[in-house]
Amino acid sequence: MSDNVTLTIDGVQVTVPKGTLIVEAAKQIENEIPVFCYHGKMDPVGMCRMCLVEVGQPAIDRGTGKPELDEDGNPVVRFFPKPMTACTTTVSEGMVVKVDTSEAAVDDRKAVLEFLLTSHPLDCPVCDKGGECPLQDLTIRHGPGNSRFDYEDKQHFPKRYPLGDLIVLDMERCIICARCVRFQQEIAFDPVLAIENRGRRAHIVSYSKPGFDSHYSGNTTDVCPVGALTTRDFRFGARAWEMTNVPSLCNHCGVGCNTVLGTRAGTIRRIMPRQNEAVNELWICDKGRFGHHFNGSPDRLTTPLIRKGEELVEATWDEALSLIGEKFGAIKSANGADSLGGIAGARLTNEDLYVFQKLFREIIGTNNIDHRVGLSAALEDETAFTVGVGVGTDLGSVGKGTTILNIGADLDQDAPILYLRVAGASVKRGAHVINAGGRRTKLDAQVQTTLRYNYGSAARLALGLLASVVSQGLVAKEWADSRTSGMADLEKALKNFGADKVAEATGLTTNAIDAAAKAFAEAENGIIIFGLEAGNDPALRAALEALALATGHAGKPNNGVIAVLPHANSRGAIDMGILPDRLPGYKPVESNAGLSAVEMLTAGGVKGLLIAAADPAVESESYKQALQQLDFLVVQELFLTETAQMADVVLPAKGNAERDGSYTNLERRVQTFDMGVPAPGKAWADWLIFTGIAGQLGADWAYASADGVMAEITQRVPLYAGMDFKNLTAPISLQRKTEHYIYEGMSFTTDIREGIQWATVAESDSAPKIPLRFIEPAKASSQEQGLTLVAPRMLYDGGRLLAEADVVNAHILEPQLMLSRSDAQKLGVSTGDSVTVSQNGTAITVPVYIERTVSEGVALLPRNLAGRPAEKLVGPNGLYSTVKVEKS
Amino acid sequence: MGWTEKEQQDLEKILKKYPADRKLSAVLPALYLAQREKNWLDDDDIEAVAEALGIETTHVHSIIGFYTLFRKEPVGKYMMEVCTDLPCALRGAEDFFKRLCERMGLGPKGGTTEDNLFTVEEVVCIAACDKAPCMQINLEFFESLTDEQIDEVVAGLRAQASNNGA
Amino acid sequence: MANPLLKEHVLLRHRDIEDIHKIDVYLAHDGYRALEKGLKEMTPDDVTNVVKASGLRGRGGAGFPTGVKWGFIPKNLNPKYVVVNADESEPGTFKDREIMESNPHQFIEGVILCAYAVGAETCYIYGRGEFWTLFHGRMQEAIDEAYEKGFLGKNIFDTDFSCDMYLHLGAGAYICGEETALLNSLEGLMGQPRSRPPFPAVAGLYAKPTVVNNVETLANVTPIVLHGADWYRQFGTEKSPGTKICSLSGRVNRPGNYEVPLGTPIRYLIEELGGGIIDGKAVKAILPAGASSSNMGADKIDTPMDYESMAAAGGMLGSASFIILDETINAVWAAEKNVKFFKHESCGKCSPCREGTFWLTSVYRKLREGYGTKQDVELIETIINQMEGNCFCLLGEFVVPGVRTSLELFRNEYESLASEENEVDQPQKDLIHTFF
Ligand SMILES: Cc1cc2nc3c(=O)[nH]c(=O)nc-3n(C[C@H](O)[C@H](O)[C@H](O)COP(=O)(O)O)c2cc1C
Ligand code: SF4
Ligand code: FES
């Protein structure tokens, strides 16, 4: 039996896989059946009845079991007496569907539209959806022309009802398609929207605290086919047709969501998702959607500043650059090249970072460069080079047969859209997800297996899993032998990580460890994800790399490792060699490794420092002191940050909406974004600033554009071969577009680009064997008394870029210590009480918040919040420590 | 609200009826339990149900809104629900309802008496059509009613309420 | 009360035997002998087959052959469930309540037999919320008695078969009588219908194979298993065998439930059993299946009450809830009552029902309040045409026949309410509904 079915829709034949819905089959031949409730990403519900079509099937002769034929020998088609919903009916062989060719079906759809319009207000002229409204569009195409309904007799609901801080509901416009409710249930796994009441009184509600409590709420405004849900932010911002839609990328985390900047008159009016099935599908998180207001902030730096005594005064680019050239030159000739250094943040583009390292390595002559400050210092990764997920990996499609092991990433906070995809793989498609972490996270509710380990034992857990794979005889021997070396030594080393020992260190049972190891090893596809809360431990990474290799889960699509790095271009920063000991393309520095950021930020480290897109001064008091002792500090920034305030020269940089460039996401996908709006004042792109500084120091580089820099990268960094802007920005082909891309419910168009992933070592047959590494994990800290203070990352943090997004501001936590109810009771405190948290003589005072998700013995104090209290206790790069908590 | 010990036990009994991973099934019985005391549900009651079943508060509200026997606004201690649907109306239920409202000192659409003891409202068919006029008082059937019987019943409930109050 | 057409009641046995709701009385009158016979002497398939052979058809409204439905349950998927539809919310229907109040054990026995036949070990009886006292009283007591006597619980009659039975109350929603809405409600969701496929037989409660049957249907199973298919077929017609409880209400002298062999003419029900029309008035219309049915004119009074004849006469047997209108009743008023019922009960899931019932009520109201025009009468017709066939479930479709036949039979009453004067715009401020 064939897996395909051929049917006829309005006279056109089409062949599609079995199980396809009529509405999808029709799309293949560009017959657009009108829909409201149907959305390709959600389960069909058949509620709105807009997609009614006439459906017939070949008649079968009861006697012979053969198709009945008419006089001309054609099969007789018997039509169902009632129209069918194309969105819930699957195709069958020989089916005949009439969409526009059936008068009855055309009338039925007219009727449905007339019904829908009976409750719809006539406020299109003031509605934000106007111009890109499916209801408007379909009314014009399929509507009855006029309605006989009595316009006085409409159901009234409050207008402009805030469902939360971010989303406004105009219930009168709602047509009860439940797309928003279903999105929250089926895709975001935050069922905080529902329909209350029934019949005509049914309306959308949210009773969560705070209202509409979800990181994904903005997407409901996209899937809403009318103007019922709008963002607080964009209300009356611009008419849809007046905006220019610019392809862009989100710059808030490592997922690399594709976005569209809706710009008008030189400002960003809104950010919407841009479809990329391999990255963000149709979604973006609320941080990405609402966190763009820094771009147009009046506080942006607009001109270079030069220190004159206590003051920073405005200067020209010439003055600023020549001063830098002069001072850096002088420091170099007096103290040598290694008395200079540079720190560049991972929100810079590949082009910026490439030029940055070239400036230091080739022109100044030092390896003193690093990107690891702030969050970047708390999580590193080199495993992507060898065992990163294979090219073509698509978390949006994996399901049954795939095991995903997540260690220490709170995906809903750290990489929201990755969360949707991993949770979806588990719930919707039956992948086995093992969520290992030190505390309860949102993903726990969507997975089959959770492993709760003691903080600090993640590396031991990874080694325990590896040892269990070996002892259960689950090593993919042939493959591992052909690709790796050192298996025997590794096995020897693993002797010390028997299940008993690991169970003791991690607090898990041996059964749980063995079962997880088996589920991972035996899966057809295995993906490992790790994040911040696993600890920044080379032993962990070596173990995970070996685990992927030993089980054969590397070197092919949907297999390998993903590090949940914190920034939009964290991966690119490593790729571009923004490390003191590694050159672009993961080449080790041969002889003279440079100083790390921490070393440069230690008093006496270097004398002159260039800091771009990083703010170490807020991270720690000791960094601040070190910065004060520098002879010369240059800061390249969007804002006058604390670090910038200490600088001798401050250079205004462009934000990513104001320029073009490329980022590499946490799955190693290199993607480009375009320029959307002009930069304020005299800001320059960072690569141009670095080029200018290089020029002062004698270089004669001629980069004219980001595109030109990328051209050089493709020449010099083999991983990036072939990735010039022409390829990176090419829109996908029409065929792939109709195959995979839907743009359901969104009426605007922009380019769909897929980006390019670079290939890992494990993917190459000809690469040398990968040596299996074993690194002894650090000794578990002595069993001190007290609570384990953990400093996780929150999506809404105190970072500068979010500070301007007023609508999100309310969601940024004030520093507070989150405790389990039982620990709070032991301490005799309740929510709102103050406690003193101390460790080795450092003490801070914060209010307590009793939080259901916190396990006993653990206290959470998120990092990156105002005043950085968590960092004071765990250190700027640390994750956790044992603390004493007392009622104050 | 928080459950009393008795309610906690009842809740556990209810939960036993459904598979362990299908706690959500208990939402209607749990709401009946939460509503038993005062005939309507306040925010705390709703929160308590959500917590007991481990579900979103929003979902509980949605359930309350869908089913007419749950109420989020205060009502009388005794809910008098009079059927005025077609079969009963054919036997004079509409007039009966009007008279009842008058006797209870309420307007023609019913409502709650001043002492907050009785709420009178019209409902659709309650499966007692052969015994019109009929009504339910706190879900107990009262059928083939005459005006005099009503007076008796009301007087009885008043007495019961004041005894309980004393 | 004697019923000249039946020597003994098959279902309303309490009318022949006092206190049969008590288990001892029930046991003294063949109680649980059918269960014993089924479990000890018959295989599950035998039970299904005798029900098939009896020709029993679902009494919940649709009239689907019960044995055939049981046969759809896949054998190898476990667990399975039996869910009893005791929602009984159709206006004019009050038969299941009487069975459960007065003859509960016969019904419970039927449920257990059904569970045995399909291989289910858990049964839920879903009753409308208004049955609170019945479910917390008589029904729970009867189930407790059955557990005590070992007819429920582990290893019934020392066989391998175990069965649990639970009561579950809805909370005021007619739509929960629709079987998939009922299942959603039982799962703790809003009672909105599900799309089919999958059918409950394959993926019902908790996505497991599930039989949904009406109370009266299952009460029939007990005597069928005990006495056999042939015995059962002595009642009723070839295609509609057995007896049926008719709920008679409206303008008759003796409203109530009457059990009759299927095929008995409506006239017998109204005139003999129901004692004729109040004050000797004439029948104006018969609604044979509650609010959901068409109006049958007085000329149809001799139609035999079986599934085929009723359909042929332009009505339907449905749950056999005969609401009788007499000549004193205004047809528009009666139709408006039902339209309002459906508007109140529309679940809101699909647009034609949600909006159509709302729109219909406004037009009816306009007519009643004297603002109506001839176009409004036509509009009523248009609206039901636009609803017909387009709704998600049958609730919306149920609105159509009543309104359509009311218009067909009594159009003059509609038109007399419409006035030419109203053709010009009228102030309609009072028609604005507000919410919140
Ligand atoms: C809107 C609607 C309401 C219904 N209400 C009831 C009801 O109250 N009781 C009932 O037994 N069946 C009712 N049904 C029929 C059920 O969906 C289903 O057909 C029946 O429970 C099957 O049982 P049976 O085969 O024993 O009749 C209703 C159907 C619809 C569409
Ligand atoms: S017809 Fe539609 S709105 Fe009406 S009850 Fe069925 S699904 Fe709900
Ligand atoms: S019913 Fe098919 S799109 Fe809504």
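Accessible areas come from the Shrake-Rupley method with a 1.4 Å probe; for residues, only the protein chains shown count as cover. The model is predicted: local features need pLDDT of at least 70, side-chain atom pairs count only at pLDDT 80 or more, and totals for chains, interfaces and linings use all residues. Residues are numbered from 1 along each chain as its sequence is written, chains are lettered from A and ligands numbered from 1 in the order in which they are written, and side-chain values use heavy atoms, with hydrogens and water left out.

**View 1. Chain B and its surface.** Chain B exposes about 7,300 Å² of accessible surface, and 47% of that belongs to carbon and sulfur atoms. Its C-alpha atoms fill a box of roughly 50 × 40 × 25 Å along the principal axes. The chain holds 7 helices and 5 strands; helices (H or I, at least four residues) and strands (E, at least two) are DSSP runs, numbered from the N terminus. From the N terminus, the order is α-α-α-α-β-α-α-β-β-β-β-α. Of the 166 residues in chain B, 55% are buried (under 20% relative accessible area; exposed is over 50%, partly exposed in between; 1.4 Å probe, protein chains only). Among contacts (heavy atoms within 4.5 Å) in chain B between residues at least 6 apart in sequence, 59% join residues at least 24 apart.

**View 2. Chain A as a whole.** Chain A has 30 helices and 40 strands. Its radius of gyration is 29 Å, close to the 29 Å that the globule rule gives for 888 residues, so chain A is as compact as a globular protein of that length. The radius is taken over C-alpha atoms, and the rule is 2.2 Å times the number of residues to the power 0.38. The C-alpha atoms fill a box of roughly 100 × 65 × 65 Å, taken along the principal axes. Buried residues make up 62% of the 888 in chain A. Of the contacts in chain A with a separation of 6 or more, 72% come from residues 24 or more positions apart. Chain A exposes about 32,300 Å², with 49% supplied by carbon and sulfur atoms.

**View 3. A three-stranded sheet in chain A.** This open sheet of 3 strands runs in the order 31-32-33, with antiparallel pairing. Strand 31 (661–664) and strand 33 (756–757) of chain A are the edge strands, each pairing on one side only. Two strands pair if DSSP finds at least two bridges between them. Strand 32 (residues 669–673) and strand 33 of chain A pair in the antiparallel sense over 2 bridges. In strand 33 of chain A, I756(A) is the bridge partner of V670(A). Helix 8 (residues 350–364) of chain A packs on the sheet and touches strands 31 and 32; its direction makes about 90° with that of strand 31. Axes are lines fitted to C-alpha atoms, for helices over the stretch in contact, and angles run from 0 to 180 degrees between N-to-C directions.

**View 4. D318(A) in helix 7.** D318(A) lies in helix 7 (residues 317–335) of chain A. D318(A) is exposed, with a relative accessible area of 60%.

**View 5. Helix 15 of chain C.** Helix 15 (residues 351–368) has 18 residues and should span 26 Å at 1.5 Å a residue; its end C-alpha atoms are 25 Å apart, which agrees. The expected span is 1.5 Å times one less than the number of residues. Of its 18 residues, 16 are buried, so helix 15 of chain C is largely enclosed by the rest of the structure. G370(C) follows, with a positive phi near 90°.
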